[in-house]
Amino acid sequence: MQHTHTHTHKFLPTLIYTMQSINTLELLSTLIDATHHGSTTIQTLCNEARSNTIQFKEEGDARSAMTIADTTAQAVIVSSLLHKYPNLNIVGEEDESVAQVVDPEKVRDLKGELLQKFDWFVGGSPEIPQPPMELDLTEVIVYVDPLDGTREFVEGRLENVQCLIGCVYRGIPLLGAVGLPFPSLESKEENGHVIEVVFGLVGKGIGKMISTKNGNLSKSPLPNIKPYTSGDTIYVSSGDSSKVKPTVTLAENIFHSDKTKNYNGMTHQIIGASGNKMLQVSYGSSTISLQGTGTSLWDTAAPSAILFALGGKVTDYFGNDLVYGTNKGQLGNKRGVISSAPGAKGIHLDMVEAMGKDDGILSLRD
């Protein structure tokens with residue numbers, strides 16, 4: 001007799017796969033490699049883009065700069081992914097260059113076997129279920145931000161720049177890759193490599209690969225992952241925009257001034273680029289990150305998957321999950337973004353509660 005099992009978690013697969021199914025580890029492997037190629041493109045074009053080919057979406061505004069590195073990297077990523085998976089649903093930041101067509105000159109051969117026998121770093125809680133072995137391609141959305149941290153790129157703060165590719169499955173970030181085209185000087189001196197890719201798969205864990213000058217990817221140790229524990233100093237990160245200052249003030253009131261809470265003080269960090277903020281939360285270098293209403297789904301998909309794989313949390317200012325879709329009018333995180341490190345759920349909830357009582361922040365619900 002054939003038995004049928006019903007699973008309640010939305011990640012879990014059905015028992016019968018259609019021709020539209022895609023192997024989960026193979027997909028992540030190709031995203032890692034696509035991120036690697038996107039990061040390589042950004043690095044290669046860096047000197048030219050920063051000196052001669054910068055185009056401004058708003059004249060003179062470095063925050064809104066669009067460089068040739070953006071569009072070329074996205075063309076490489078999208079063309080390569082569509083060449084391998086013609087029916088893949090892709091949403092990209094540079095939407096003028098993300099037409100669902102393949103530019104043969106931009107196609108790179110993406111490796112699907114990078115994660116065979118991979119030794120994952122597992123930091124998540126035991127209740128995180130294993131990911132499905134196969135994904136229904138019709139329920140997969142891939143979000144691409146070819147160059148996250150454009151302002152940082154233009155201003156020369158290159159260590160903040162990232163290349164982000166995240167996969168959302170059935171509405172939840174499941175896997176993602178974060179490329180670092182310009183790793184820290186210490187990292188380059190220690191490893192002698194030129195590109196880093198950090199990646200995560202919810203239910204499996206996270207990992208890191210490096211690319212040397214010969215172009216090969218190989219496993220590399222992660223930084224020391226530091227989950228938050230009670231009594232630790234709380235590190236709250238944000239950008240330097242005045243728009244996020246009220247949320248930072250709220251955090252100071254909770255974590256530094258409110259003596260009814262058993263918190264051991266707070267330190268404010270200014271960190272550039274959306275993906276970089278969230279990656280530092282994953283590492284535990286930041287306890288919680290506060291981002292305003294200017295981010296979009298392509299900024300948060302990839303780093304959210306890494307953070308979820310470790311047991312961290314990402315919501316809007318009011319504690320709701322971010323809503324991932326493809327409608328052009330609904331790609332912005334208009335209610336802000338809070339991300340918190342593993343172990344910092346209570347801090348996250350206290351922040352959400354305070355925001356829900358603030359009249360200025362409540363107006364974002366409209």
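Predicted model: local features only at pLDDT ≥ 70, side-chain atom pairs only at ≥ 80, totals over all residues.
Me: How do strands of a sheet pair, and in what order do the strands of the open sheet lie here?

Reply: Strands of a sheet pair through backbone hydrogen bonds, and they may run parallel or antiparallel. In this model seven strands form an open sheet with mixed pairing, in the order β4-β6-β7-β8-β9-β10-β11. The edge strands, β4 (89-92) and β11 (217-219), each pair on one side only, and from one strand to the next the twist averages 20°.

Me: How many bridges join β9 to β10, and are these strands parallel or antiparallel?

Reply: Strands β9 (residues 195-201) and β10 (residues 205-211) run antiparallel and are joined by seven bridges, and Gly200 stands opposite Ile206 in β10.

Me: Which strands does α7 touch, and where is its kink centred?

Reply: Helix α7 packs on the sheet, where it touches β4, β6, β7, β8 (172-180), β9 and β10, and its direction makes about 100° with that of β8. A kink of about 30° in α7 is centred on Pro303, and just after this helix Gly311 takes a positive phi of about 95°. Because 13 of the 13 residues of α7 are buried, the helix is largely enclosed by the rest of the structure.

Me: Is His36 buried or exposed, and which residues is it in contact with beyond its neighbours within four places in sequence?

Reply: His36, which lies in helix α1 (residues 24-51), has a relative accessible area of 5% and is therefore buried, the cut-off being under 20%. Neighbours within four places in sequence aside, His36 is in contact with Ile195, Val197, Ser211, Gly215 and Leu217.

Definitions and conventions: Residues numbered from 1 in each chain as written. Heavy atoms only, no water. Bend = angle between axes of the 7 residues up to and from the residue. Helix = DSSP H or I, 4+ residues; strand = E, 2+ residues; numbered from the N terminus. Buried < 20%, exposed > 50% of the residue type's maximum accessible area, 1.4 Å probe, protein only. Contact = heavy atoms within 4.5 Å. Pairing = 2+ DSSP bridges. Axes fitted to C-alpha atoms, helices over the stretch in contact; angles between N-to-C directions.
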